[in-house]
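Hello,

Here is the structure for you to look over.

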Amino acid sequence: MEKQSSIVLHSGKVFTADPERPWAEAIAMVGNRIAAVGSSQEIRSLCYENTLSIDLEGRIVIPGLNDAHAHICFMSDKIHRLDLGRQGRPDPSLDEVLDAVGQAVSHTLPGTVLFGDIGRSVFDDPQATRFALDEVAPEHPVNLMSFTKNGQLLNTAALSHIGIAENAADGFGGWFERIEGTQTISGIVHGYAHFRLFRSSGFWQCDAADCERYARQAAGWGITSVQDMDVPFTPESKVAALRRIELPLRWRLARFLYDGPDSPAAARTVLDPPPKVEVSGHKWIFDGTGNERNAVRREPYPDRPG
């Protein structure tokens, strides 16, 4: 072993991931490489005078965890989150949503963005349109997003806030639901039409302090690398935020293209990413989910024929 930058962890339980020898008592490292694993006696014999020797006192050591698919984005502090009374996979009824929106309107200023999570009950309700939301929130932009993050329902104020016309075209990979027999947008948006609104809405922020908070919390859980499948931000804006902090883990950004594989963004290179940050690969979504009833099935959905 080299005398410089060597670390020994001993008197613990080290998971090696080697089927022939899955567990050891100690581990020795040189620089960023594992040099040896074995018994505490074997590994401690490798110590030099300037080796950092740490007694694990029986603690477990595991390889660093990779978060293979994360969406690291943060809600603007100018947004009011609706209390829809559910955690995990929220599925409030339209009446519950309207009641929550009405309550929020009563104690927030006009123009405040109201945000909440919805499920299939709203997407399946033919009365769930922007006009129903307009009746209780004519001056508050309302953004109700599927818990799968693959669709949303917006009111007229939210569409106006983002700059979406009454008869906007669908565009690549997504669509606006329409009022039957017309080209008028109902307020429900799916697929890439939704993702484009997600990015352009301004409802989300890319703050260096928030990124640092996430990274340090993740590192505390043993996560040493993350694949950031970002949606609301460009890689350039996220890299700019990451450049302002010192990361305790490796961070890979995948590029999310909104206008198809021929988009100029597909070939664009992000210059000078900071240490531990890489921009590589592309994220694509080829299908919907069962929550919004737009994942392709061989048979109709049992509870929604047709």
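The charged end of R297 lies over the ring of Y301, 4.8 Å from the ring centre. R293 also places its charged end over the Y301 ring, at 5.6 Å from the centre. "Over" here requires NZ of Lys or CZ of Arg within 6 Å of the ring centre and within 35 degrees of the ring normal.

A word on the source: this is a predicted model, with residues numbered from 1 along each chain as its sequence is written. Local features need pLDDT of at least 70, side-chain atom pairs count only at pLDDT 80 or more, totals for chains, interfaces and linings use all residues, and side-chain values use heavy atoms, leaving out hydrogens and water.

Next, the aromatic pairs. Rings of Phe, Tyr and Trp (its six-membered ring) pair if their centres lie within 6.5 Å; planes under 30 degrees apart are stacked, over 60 edge-to-face, the rest tilted. That rule gives nine aromatic pairs. One of them, F256 with Y258, is tilted, at 4.9 Å between centres and 55 degrees between planes. F256 counts as buried because its relative accessibility is 3%; Y258 is buried too, at 6%. (Buried is under 20% relative accessible area, exposed over 50%, partly exposed in between, with a 1.4 Å probe and protein chains only.) Ring pairs join F172, Y192, F195, F256 and Y258 in a cluster.

Last, W204. Leaving aside residues up to four places away in sequence, W204 touches residues including C73, F74, F115 and F233. Contact means heavy atoms within 4.5 Å.

Best wishes
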